[in-house]
Amino acid sequence: MRKGIIAIAITSTLMACSQNSSVDETANSDSASQSKAKVSAELYLMHEEAIQAQRFTAKRQRAQMIPAHVEEMSENYAEYPANPVQLTIDNPVSTFSIDVDTSSYSNVRRMLNQGVMPPAKAVRTEELVNYFNYDYPAPDQADQPFNVSTELSVAPWNKDRHLLRIGLKGLDMDDATTLPPANLVFLVDVSGSMHSPNKLPLVKRSLRMLASQMRAQDTIALVVYAGAAGTVLEPTSGKEKHTIYQAIDSLEAGGSTNGEAGIKLAYQLAEQSRQPKGINRIILCSDGDLNVGTSNVSDLKELVERKRKSGTQLTTLSFGTGNYNDELMEQIADAGNGQAAYIDTLMEAKKVLVDELGGTLHTIAKDVKIQVEFNPATVKEYRLIGYENRILAREDFNNDKVDAGEIGAGHTVTALYELTLVGAENPSVDPLRYGNDTENPGSKSNELSFIKLRYKLPDEETSRLLTFPVNKSQFVALDKTSDDFKHAAAVASFAEVLKGGTHLRSFGYDEIISLAKSSKAATGRPLRSQFIELVELAKLTAASGA
């Protein structure tokens, strides 16, 4: 019953979209803009209808006493231990790779909209925080791909802790017309597991959206895989939209899943139409359920790591429920120097493939690493919030052979550290009875930390270095912090609650909602308003014992 209701809701949504959002290839730029606005409004309404259908399904589920978590338990998630509190005197340096993936947030949203509390291992804090755009200052130099800013205040969940926010803002590109020529290969899973309405039918509508943004100088190819792989569309100019749409619409699901063969063929096609100074990217659409050929995560990662040396990047768009392999889709996107997104609705497809097209397709900096050295004279303890699967060894920071994350055009990246300052009450770790636990102030007694970033420009293999200190004088009261600081702290604490809330004391759903609402931007930005609704939904779902 549950799947049937969702199928009807989504199928109706797709039919409505097909009737009302077709692209007029001959329209002038003004009418095209009007069409985009109309499509956006229609998509929003369809999104709301789909959400209501999911909530209705969840209510029927509980009424019929059907265990809501049964389907979720067959999904695959990697598990990483939470970052511990570190004593600065013992381990003053923290090193990690940046991450612009967002799949965890939309996947968590999907579960909550179905009346299911997400398992802790499905929640990656940094992906929830980085799902949102922030108004960080943009780069003011043409040769610098991103700008870095910091903010410091009290941690909302603990008056004895401070919260340090590090924000990166990538060089923006206003619209698709400013992007370099793009060579895209759509790699689509058409195996039997993709038959559900929230899988292949949603894939097709999503790819049509992306194709509608392409220009004459862009090329699109289409590869499918099930038991074997095949080419549905050879590299075709973006102006040939009718041909591209026909190829997409012809896709049907059936058979087993040989992802390895599809990946190899997609890289071959990408090489045929390679853009030496442009965008070369494979976009993999799948539920990640591979059962033929190489299906081991580490083996597929190794394959993608070898292929990325050709200069072609790989982005993953995940779809569906039940057999969803989150671990595979997230890790091969990482190995392919791409982004991992989860598409739960047409509105999410629009966000990733239309609104954030530049960030999704165009990399402006690669192998971006952050290293923070904390001053033991001022910081007693610290904890990196999230990024558990992006931790690097200290020596990896200066090693240009070590892979790290990429930043796309217009992307914002946020990292948060919880700090215990020297002299603060109730530290997490007791002092040693026999060890030397004293701090040496030296000559930098006003500094809390020293931040270093390394990155490479897309066509370079030698990294560049940025450095700057964080001083105690930057501290401001929580009510004086930016809207971005409040929102990032609210989202991070929400993720922490979903994972068990070990470090949050009594800070719970009500406090998170209050913190999120204290941001003036909460009512002016739909995604931030929807976040508050999601927290309210999680509160009710948790209280119902789902």
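## Ground rules

Residues are numbered from 1 along each chain as its sequence is written, and side-chain values use heavy atoms, without hydrogens or water. In this predicted model, local features need pLDDT of at least 70 and side-chain atom pairs count only at pLDDT 80 or more, while totals for chains, interfaces and linings use all residues.

## The nonpolar cores

Let's start inside. A nonpolar core here is a set of buried Ala, Val, Leu, Ile, Met, Phe, Trp, Tyr and Cys residues joined through side-chain atoms within 4.5 Å; buried means under 20% relative accessible area, using a 1.4 Å probe and protein chains only. The largest one has 40 residues, and Leu112, Leu163, Phe494, Tyr509, Ile512 and Phe531 have the most contacts inside it. Helix 12 (483–498) gives the most to this core, with 10 residues. Helices are DSSP runs of H or I with at least four residues, strands are E runs of at least two, and both are numbered from the N terminus.

Take Phe494: leaving aside neighbours within four places in sequence, its contacts (heavy atoms within 4.5 Å) include Leu112, Tyr509, Phe531 and Ala538. Apart from this core lies another, of 38 residues, among them Leu207, Tyr245, Ile248 and Leu251.

## Helix 8 and its buried side

In helix 8 (residues 297–307), the buried residues are Val297, Leu300, Leu303 and Val304. They sit on the same side of the helix because they cover an arc of only 125° around the axis, taken from the directions from the helix axis to the C-beta atoms. These buried residues pack against helix 7 (259–272) and helix 9 (326–335).

## The largest cavity

A cavity is a set of points on a 1 Å grid over the protein atoms alone where a 1.4 Å probe fits but cannot get out; lining residues have an atom within 4 Å of a point. The largest cavity has a volume of about 140 Å³, counted as the space filled by probe spheres set on the points. Of its 20 lining residues, Val100, Asn337, Gly338, Gln339 and Glu406 are the closest to its centre. Strand 13 gives the most to the lining, with 4 residues.

## Two positive phi angles

Most residues other than glycine have a negative phi. Asn337, in the loop between helix 9 and strand 10 (340–342), has a positive one near 55°; this residue is buried, at 13% relative accessibility.

Asp367 also has a positive phi, of about 50°. Asp367 lies in strand 11 (residues 363–374) and is buried, with a relative accessible area of 9%.

Methods:
Buried < 20%, exposed > 50% of the residue type's maximum accessible area, 1.4 Å probe, protein only. 1 Å grid on protein atoms, 1.4 Å probe; cavity = no way out; pocket = protein on both sides within 12 Å on 5 of 7 lines; lining within 4 Å.
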